[in-house]
Amino acid sequence: MSSPAPVTAADVERAAVRLDGVAVRTPLQRNARLSALTGAEVYLKREDLQPVRSYKLRGAYNLIAQLDARERALGVVCASAGNHGQGVALACQLLGVRGRIFVPRTTPRQKRDRMTALGGTALELVVTGDSYDDAAAAALAEAAASGAVLVPAFDDARTIAGQGTVAIEVAEQVEELGRSLDLLVAPVGGGGLLAGTAAWARERRPGWRLVGVEPRGAASMAAALAAGRPVPLEHLDGFVDGAAVRTSGLLTTALVAACGAGVTAVDEGRLCTELLALYQTDGVIAEPAGGLASAALGDGVRPEPGSTVVCVLSGGNNDVSRYAEILERSLVHEGLKHYFLVEFPQEPGALRRFLDDVLGPDDDIALFEYVKRSTRETGPALVGIELGAAADLPGLLERLSASGLTVQRVDPDDPAFRFLL
Ligand SMILES: Cc1ncc(COP(=O)(O)O)c(C=O)c1O
């Protein structure tokens, strides 16, 4: 790995001074559910309670506040999937700097509206392209053409130092409780938060264990660490919009490697179950990237019983329309929802027999749809069954095979079947 970026604990501490009165010292809250799950004392660092509902204000403000008068007059430009843009928007408004933010069309309406509201007249939002990469290319071209300063979302020493200020607060807050931290778990997109945290902790709290958590479908930091340099992922699952980064940062990867932080991945289905638990049990609205750290507990990350653990809940900008998909993915992950293609004979009573003979007492039909073979002819029915308990599946499969119907099991994650669902 090439030499690490020069982000020191002192850089992070200077960033904390700049951010005083700008970023909120967010609460550190003990979480009873996660503590019971792991046997450890688990706390959530509630970065969803920042004024921009994510920690992204820290890095953006730390960078823009260091620009000189000439640079400020030229204005700033950035690309964002939604949260970094909100940090830049508020920083521009507070510092009186003009900003242009490029977002892809996939950025949820909720995040676009928040950027416009936070930036006020200082901000221009440009919607372009279908992916974050398209927006990043447009922002780069704009910076080259206009001379405006690019504000990178993660791969810049000033951004990294700003995000690292989360670690200083965590140390203070844990120690105010009379404890010392054993494990800090943070989400990873491009790696700005993990790299900044690691840069500070390496010097100031070398005993901390640090683990970064990526979505399984966007594990670009793990790929970079394995290859010894950032490499683009061939396939990228965009579900965790805040952390779906195709290529990890050069500086962030070097810092994470140099500091010896670990990286793990969480299944999107497991993450959805955690997002629902945060919502239903804890009363916390987390966006997918915000739930990554706590989703890894009891899965890839197993803390020592009795140890002190902090998970960074990094953001809460969740569009309400996403909960239907979150619920669906969670049910599939929990083994509670299953899909089948069933050929029903064209005779009266076929469906009634299916309901009587195949469904168990606690099972429900959650979806029933004939698949069109052509405009004239219908094919098999796509049947979604929700079970009362995951353990009921073998019984259902036995009854299906005894029914005499032609049945094919459908894996909802199989791209060949995605168009059906
Ligand atoms: C809520 C949230 N969490 C985590 C991340 C990951 O960011 P990083 O690039 O700092 O790893 C992002 C990035 O946008 C985010 O918005």
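User: How do E1 and E2 pair, parallel or antiparallel?
Analyst: Antiparallel, over three bridges. Keep in mind that this is a predicted model.

User: Which residue is the bridge partner of Arg30 in E2?
Analyst: Tyr43 is the partner of Arg30 there.

User: What sheet do those strands belong to?
Analyst: An open sheet of six strands. The order is E1-E2-E10-E7-E8-E9, and the pairing is mixed.

User: Which strands are at the edges?
Analyst: Strand E1 (28–30) and strand E9 (262–266). Each of them pairs on one side only.

User: And what is the average twist?
Analyst: From one strand to the next, the twist averages 25°.

User: Which strands does helix H10 lie across?
Analyst: Helix H10 covers residues 192–204. It lies across strand E7 (183–187), strand E8 (209–215), E9 and strand E10 (308–313). Its direction is at about 175° to E8.

User: Switching to the other sheet. What is the order in the one with E3?
Analyst: Four strands make an open sheet, ordered E5-E4-E3-E6. The pairing is parallel.

User: Why is one side of E5 and of E6 left without a neighbour?
Analyst: Strand E5 (123–127) and strand E6 (149–150) stand at the edges of the sheet.

User: How many bridges join E3 to E4?
Analyst: Four. Strand E3 spans residues 76–79, strand E4 spans residues 99–103, and the two run parallel. Ala79 stands opposite Phe102 in E4.

User: What does helix H5 touch on that sheet?
Analyst: Helix H5 (residues 83–95) packs on the sheet and touches E3, E4 and E5. The helix direction makes about 165° with that of E3.

User: Now the ligand. How many residues surround it?
Analyst: 16 residues. The closest are Tyr55, Asn83, Gly189, Gly242 and Ser314.

User: Which backbone atom of Gly189 lies 2.7 Å from a ligand oxygen?
Analyst: A backbone N or O atom of Gly189. Gly191 also has a polar backbone atom 2.8 Å from an oxygen atom of the ligand. For Leu193, a backbone N or O atom is 3.0 Å from a ligand oxygen.

User: How much of the ligand does the protein bury?
Analyst: 96% of the 400 Å² that the ligand exposes when taken alone.

User: Last topic. How many salt bridges are in the whole structure?
Analyst: A search finds 26. One of them joins the side chains of Glu169 and Lys45, at 2.7 Å from N to O.

User: Where in the chain do Glu169 and Lys45 sit?
Analyst: In distant parts, 124 residues apart. Glu169 is in helix H9 (residues 165–176), and Lys45 is in strand E2 (residues 41–46).

Notes
Residues numbered from 1 in each chain as written. Predicted model: local features only at pLDDT ≥ 70, side-chain atom pairs only at ≥ 80, totals over all residues. Heavy atoms only, no water. Pairing = 2+ DSSP bridges. Contact = heavy atoms within 4.5 Å. Axes fitted to C-alpha atoms, helices over the stretch in contact; angles between N-to-C directions. Near = heavy atom within 4 Å. Polar contact = N/O pair within 3.5 Å; in protein donor to acceptor, adjacent residues only side chain to side chain. Areas by Shrake-Rupley, 256 points an atom, 1.4 Å probe, with all protein chains shown as cover. Salt bridge = Lys/Arg side-chain N within 4 Å of Asp/Glu carboxyl O.
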